[in-house]
Amino acid sequence: MEVVIVPDAKAGGELIAEAMAKLLGRKPGALLGVATGSTPLPVYEALAAKVRSGAVDVGRARIAQLDEYVGLPADHPESYRSVLRREVLEPLGIGMEQFTGPDGTAEDVQGACEAYDKALSDAGGVDLQLLGIGTDGHIGFNEPCSSLASRTRIKTLTEQTRIDNARFFDGDIDQVPHHVITQGIGTILEARHLVLLATGEGKADAVAATVEGPVAAVCPASALQLHPHATVVVDEAAASKLKLADYFRHTYANKPEWQGI
């Protein structure tokens, strides 16, 4: 696992967007896995700026979704499909025909989960999966004690998560779905390159457990230690609990430029 410590969220976004741009330069039809939330926004903003400047061509790029609410219409403004359309697809000029995600409205939810796993495989697999991390170490909606071998599946949201997400539903928790479809940890680990972005002091404990703690289901993100190409990009605040922070700074500063992240 490579740990890159950057000054702030903007620098992290630019670093990851550059990695995505280089990937698309090598493989124009690459499948990029994206996440919702505020943390990855600097990545999407930096990548959109590259598209506008002509530095990268996303005409053949494909986008894959990490998770989705169950039972929320696809055109609902707070479905993750709608959020990603606003925050990723439209700014990049990518059409919905280049997008794939799980069907949160399916009557057969288990079938929809299995179908999405198959769709990712049939598409050749995810080339780069962008991840955020929760303060408890969750990735996607794989909460603590999720199986590290789990596949795309339905998960029940905790009451705290529903309370936290109520702000997107006019403050009304009754509008927040109880369930989501999420890529499992086993599914996530099949991506060729995993890039986790974490910013802010509130993520410091989770980052330390992910990078320097044992691989354990109590911290789902620690499964990234098992991946052959995982990059953790953190700002100074999120890196504040890392015991090996100086080592990580030294190794990145002396890394051959051609390697990228």
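A: Start with a cut-off: buried means under 20% relative accessible area. Keep in mind that this is a predicted model.

Q: How is Y69 classed, and at what relative accessibility?
A: Y69 has 1% relative accessibility, so Y69 counts as buried.

Q: Which aromatic pair does Y69 form, and what is its geometry?
A: Ring pairs are read from two values, the distance between centres and the angle between planes. The count for this model comes to 4 aromatic pairs. One of them joins Y69 to Y80, with 4.7 Å from centre to centre and 25 degrees between the planes. That pair is stacked.

Q: Where in the chain do Y69 and Y80 lie?
A: Y69 belongs to strand β4 (residues 67-69), and Y80 to helix α3. They are 11 residues apart, and the pair links distant parts of the chain. Y80 counts as buried, because its relative accessibility is 11%.

Q: Why is the pair of Y80 and F141 stacked?
A: Planes under 30 degrees apart count as stacked. For Y80 and F141 the planes are at 20 degrees, so the pair is stacked; the ring centres are 6.3 Å apart.

Q: What parts does the pair of Y80 and F141 tie together?
A: Y80 is in helix α3, while F141 is in the loop between β6 (128-131) and β7 (153-156). The pair therefore ties together parts 61 residues apart in sequence. F141 counts as buried too, at 8% relative accessibility.

Q: Which residues do the ring pairs link into a cluster?
A: The cluster is made of Y69, Y80, F141 and F169.

Q: Now the helices. At what angle do α2 and α3 pack?
A: Read the angle between the axes, then the distance. Helix α2 (residues 41-53) packs with helix α3 (residues 80-92) at about 10 degrees, and the axes are 9 Å apart. Angles under 35 degrees count as roughly parallel. So α2 and α3 are roughly parallel to each other. The crossing of α2 past α3 is left-handed.

Q: Which residues make that contact of α2 and α3?
A: From α2 come L41, Y44, L47, A48 and V51. From α3 come E87, V88, P91 and L92. By class, this contact has 8 nonpolar residues, no polar ones and 1 charged.

Q: What is the packing angle of α1 and α2?
A: Helix α1 (residues 9-26) meets α2 at about 55 degrees, with the axes 7 Å apart. That angle makes α1 oblique to α2. Their crossing is right-handed.

Q: Which residues does each helix bring to the contact of α1 and α2?
A: α1 brings A9, K10, G13, E14, I16, A17, E18, M20 and A21. α2 brings P42, V43, A46, L47 and K50. The classes here are 9 nonpolar, 1 polar and 4 charged.

Q: Which residues of helix α7 are buried?
A: In α7 (residues 204-212), the buried residues are A204, A206, V207, A208, T210 and V211. They pack against β1 (2-6), β9 (193-198), β10 (230-235) and α8 (245-253).

Q: Where is A119 found?
A: A119 sits in helix α4 (residues 109-122). Its relative accessible area is 30%, so A119 is partly exposed. A119 and A64 are 55 residues apart in sequence, and their C-alpha atoms are 9.9 Å apart in space.

Definitions and conventions
Residues numbered from 1 in each chain as written. Predicted model: local features only at pLDDT ≥ 70, side-chain atom pairs only at ≥ 80, totals over all residues. Heavy atoms only, no water. Axes fitted to C-alpha atoms, helices over the stretch in contact; angles between N-to-C directions. Helix = DSSP H or I, 4+ residues; strand = E, 2+ residues; numbered from the N terminus. Parallel < 35°, antiparallel > 145°, perpendicular 65-115°, else oblique. Left-handed = near helix turned anticlockwise from the far one by under 90°. Contact = heavy atoms within 4.5 Å. Nonpolar A, V, L, I, M, F, W, Y, C, P; charged D, E, K, R; others polar. Phe/Tyr/Trp six-rings, centres within 6.5 Å; stacked < 30°, edge-to-face > 60°. Buried < 20%, exposed > 50% of the residue type's maximum accessible area, 1.4 Å probe, protein only.
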